[in-house]
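Colleague: I should like to learn how to read a protein model feature by feature. May we go through one together?

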Amino acid sequence: MQKIILSKLQKKILLDHTCKEEPNEACAILYGNKIEEENTVKEIWLTKNDTPSPIEFTLSAEQTWEMDQKRKELNLEIIGIFHSHPKGEAYQSNTDKKFMENNPYVWIIYSGINKNFRAFILESEIPIEEK
């Protein structure tokens with residue numbers, strides 16, 4: 001079973017970004033290494049929600065290009081996509097599921113209601129471990 005590993009500091013960085021972006025969804029790209037079924041986050045790139053909204057997020061074409069350039073610069077893989085649901089549960093929306101099909105990374109969702117993180121690959125929930 002796949003899992004993703006975040007440090008306490010990385011969770012704090014994502015949480016701070018989420019709070020800063022409220023009431024809209026926050027988003028970030030997670031870079032790291034994947035060894036077998038273990039995805040370890042090494043770097044976080046806090047991105048701008050190009051569609052400021054409490055129910056969706058979009059990365060601009062420019063940010064998508066920068067995302068790939070950053071991957072090359074860091075010599076790491078893109079292993080995850082993070083976003084928040086400020087007024088929702090940490091489960092994939094139908095829109096999330098649609099985008100997960102085209103972006104087969106681990107998706108971490110933060111719930112502003114329950115104050116928890118959950119991780120998914122397509123329709124399967126996977127564990128988040130702290131290192």
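Colleague: Where does Ala26 lie, and is Ala26 buried or exposed?

Modeller: Ala26 is placed in the loop between α1 and β2. Helices (H or I, at least four residues) and strands (E, at least two) are DSSP runs, numbered from the N terminus. The term buried means under 20% relative accessible area, exposed means over 50%, and partly exposed lies in between (1.4 Å probe, protein chains only). Ala26 has a relative accessible area of 1%, and therefore counts as buried.

Colleague: With which residues is Ala26 in contact, leaving aside its neighbours within four places in sequence?

Modeller: Contact means heavy atoms within 4.5 Å. With neighbours within four places in sequence left aside, Ala26 is in contact with His17, Thr18, Glu21, Phe82, His83 and Ser84. The C-alpha atoms of Ala26 and Lys48 are separated by 7.4 Å, and these residues are 22 apart along the chain. The loop between α1 and β2 also holds Pro23. The peptide bond from Glu22 to Pro23 is cis, with omega near 15°.

Colleague: On what basis are such values given?

Modeller: This is a predicted model, in which residues are numbered from 1 along each chain as its sequence is written, and side-chain values use heavy atoms, with hydrogens and water left out. Local features need pLDDT of at least 70, and side-chain atom pairs count only at pLDDT 80 or more, whereas totals for chains, interfaces and linings use all residues. Here pLDDT is the predictor's confidence in each residue, from 0 to 100.

Colleague: What is the mean pLDDT of the protein chain, and where is confidence lowest?

Modeller: Where pLDDT is low, the predicted coordinates should not be read in detail. The mean for the protein chain is 92, and 99% of its residues reach 70 or more. Confidence is lowest in strand β8 (residues 128-130), at a mean of 79, and highest in α1, at 97.

Colleague: How many helices and strands does the protein chain have?

Modeller: The protein chain has three helices and eight strands. Along the sequence they follow the pattern β-α-β-β-α-β-α-β-β-β-β. Residues 24 or more positions apart account for 63% of the contacts with a separation of 6 or more.

Colleague: How should I read a helix such as α1?

Modeller: An α-helix has 3.6 residues a turn, so residues three or four places apart point the same way. The expected span of a helix is 1.5 Å times one less than its number of residues. Helix α1 (residues 8-21) has 14 residues and reaches 20 Å from its first C-alpha to its last, close to the 20 Å expected. Its buried residues are Gln10, Lys11, Leu14, His17 and Thr18. Seen down the axis of α1, the buried residues fall within an arc of 125°, so they line one face of the helix; the arc is that of the directions from the helix axis to the C-beta atoms. The face turned away from this buried side carries the exposed residues Lys8, Leu9 and Lys20.

Colleague: Which residues touch the most other members of the largest nonpolar core?

Modeller: In soluble globular proteins, nonpolar side chains tend to be buried together. A nonpolar core is a set of buried Ala, Val, Leu, Ile, Met, Phe, Trp, Tyr and Cys residues joined through side-chain atoms within 4.5 Å. The largest core has 15 residues, and Ile4, Leu14, Leu30, Val41, Phe82 and Ile108 touch the most other members. Two or more residues each come from β1 (3-6), β2 (27-35), β3 (38-47), β4 (77-85), β5 and β6 (116-121). Strand β5 gives the largest share, three residues. A second, separate core of 14 residues includes Leu76, Ile78, Ile81 and Met100.

Colleague: What can be said of Tyr110 in strand β5?

Modeller: Tyr110 lies in β5 (residues 106-111), and is buried at 5% relative accessibility. Among its contacts beyond four places in sequence are Leu15, Thr18, Phe82 and Lys115.

Colleague: Where is Lys115, and what is its phi?

Modeller: Lys115 is in the loop between β5 and β6. Its phi is positive, about 60°, although Lys115 is not a glycine. At 53% relative accessibility, Lys115 counts as exposed. Asn75, in the loop between α2 (61-74) and β4, also has a positive phi, near 55°. Asn75 is exposed, with a relative accessible area of 68%.
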